[in-house]
Amino acid sequence: MSDDGHAQNGHGDGSVPSRQRRRFPGISSRAYEHPADRSALVALRKLSGFDTVFKALSGLLPERSLRLLFLSDSVRVSDQQFAHLNDMLRDACYILDLEKVPPMYVTQDPQPNAMCIGLDEPIIVVSTGLVELLDEEEMRAVVGHEVGHALSGHSVYRTILLFLTSLALRVAWIPLGNLAIMAIVTALREWFRKSELSADRAGLLVGQDLRASMRGLMKIAGGNHLHEMNVDAFLQQAEEYESGGDLRDSVLKILNVLPRSHPFTTVRAAELKKWAESRDHQRIMDGHYPRRSEDKDTSVSDSFRESAAHYADHVKSSKDPLMKLVSDLAGGAGDLGGRVRRGFDGFTSPPPPKTPPQDTPDAE
């Protein structure tokens, strides 16, 4: 760390020069949280007895077993083991002003993956596949992403999601029991997909290198063939995904994403780029952001209004055929039946122009 309040990257591999990055003393996770993620977390934190309920539930969850598993069968990051990851972890906690550095483990798994779990205290786990795939600046964004999860308290809900998903598999033979659990799992997955967008923003605040964040997402999608890929073309895929197709494709998009805990990678890249170019991001970089000391005064109703406004703006600006239909209907457009019929037969194609009426000659 440098003495002027900036974190300094002094662990370059020769290709990445050392540089200074801004830190954010006392920053609240509300500064970077996606509106839907933020409103859900604020509401949960305000519930009377919420902490008591979850501490009671923690007795049912295999958290101690998970901690022992990683301690016994993974490599704990430290000054002696994966020292470069340890430097990144401490640096990320310094930038986001997270007082207690969570333990971090590297586990043998060829699939590139990372997670932050734990009820009492968060722990961060990264796979060997991810460590081998990403360069230093890309990995820095990932570590910042996981520290963002820790600062937001996401690890609690992620642990519950893992537990309930496992439980749903065990009781799949009980029709009603499985349906009830899967309803909760589906709702948690929808929340968690939004929380991933929040953590991507935290990763950008830590790494402060948008291109590195983009490269990391692109590599997760396409592997370690960076010379064969292009960030702009990758973002164009997100544009095509959002605006292409008809109503049938819109329905398929919803069905495809429901079982996932993470948004699609191109969507994450596009969302992060949009936020990086926003006034909200610039204000944070200028030092104007909500502080943790103000969290207790946060209004639940204000958070829900912000979330509702975000979704309303999303529907209005979306190029997705289904979202355009919803927006048009909300704006008072008629002919619902005709719009839906055309939607399932090529919604994006404009209807054929009407032939102007011709004068009918007088009968002889």
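**A short tour: cysteines, a helix pair, and confidence**

Start with C93: its sulfur lies 9.9 Å from the closest cysteine sulfur, that of C116, too far for a bond. A disulfide here means a pair of cysteine sulfur atoms within 2.5 Å. The structure holds zero of them.

Before moving on, note that this is a predicted model: local features need pLDDT of at least 70, side-chain atom pairs count only at pLDDT 80 or more, and totals for chains, interfaces and linings use all residues. Residues are numbered from 1 along each chain as its sequence is written, and side-chain values use heavy atoms, leaving out hydrogens and water.

Stay on C93. Is it buried or exposed? C93 is buried, at 2% relative accessibility. Select C116 next: it is buried too, with a relative accessible area of 4%. (Buried is under 20% relative accessible area, exposed over 50%, partly exposed in between, with a 1.4 Å probe and protein chains only.)

Now select residues 231-243, helix α10, and residues 265-276, helix α12. (Helices are DSSP runs of H or I, at least four residues, numbered from the N terminus.) Their axes come within 8 Å and cross at roughly 105°. (Axes are lines fitted to C-alpha atoms over the stretch in contact; angles run from 0 to 180 degrees between N-to-C directions.) The two helices are therefore roughly perpendicular, a label for 65 to 115 degrees.

Show side chains. F234 and Y241 are among the α10 residues that meet α12, where V267 and K273 are among the partners. Contact means heavy atoms within 4.5 Å.

Finally, color by pLDDT, the predictor's confidence in each residue, from 0 to 100. The protein averages 74. Residues 360-364 stay under 50, with zero contacts beyond four places in sequence.

Notes: Angles under 35 degrees count as roughly parallel, over 145 as roughly antiparallel, 65 to 115 as roughly perpendicular and the rest as oblique.
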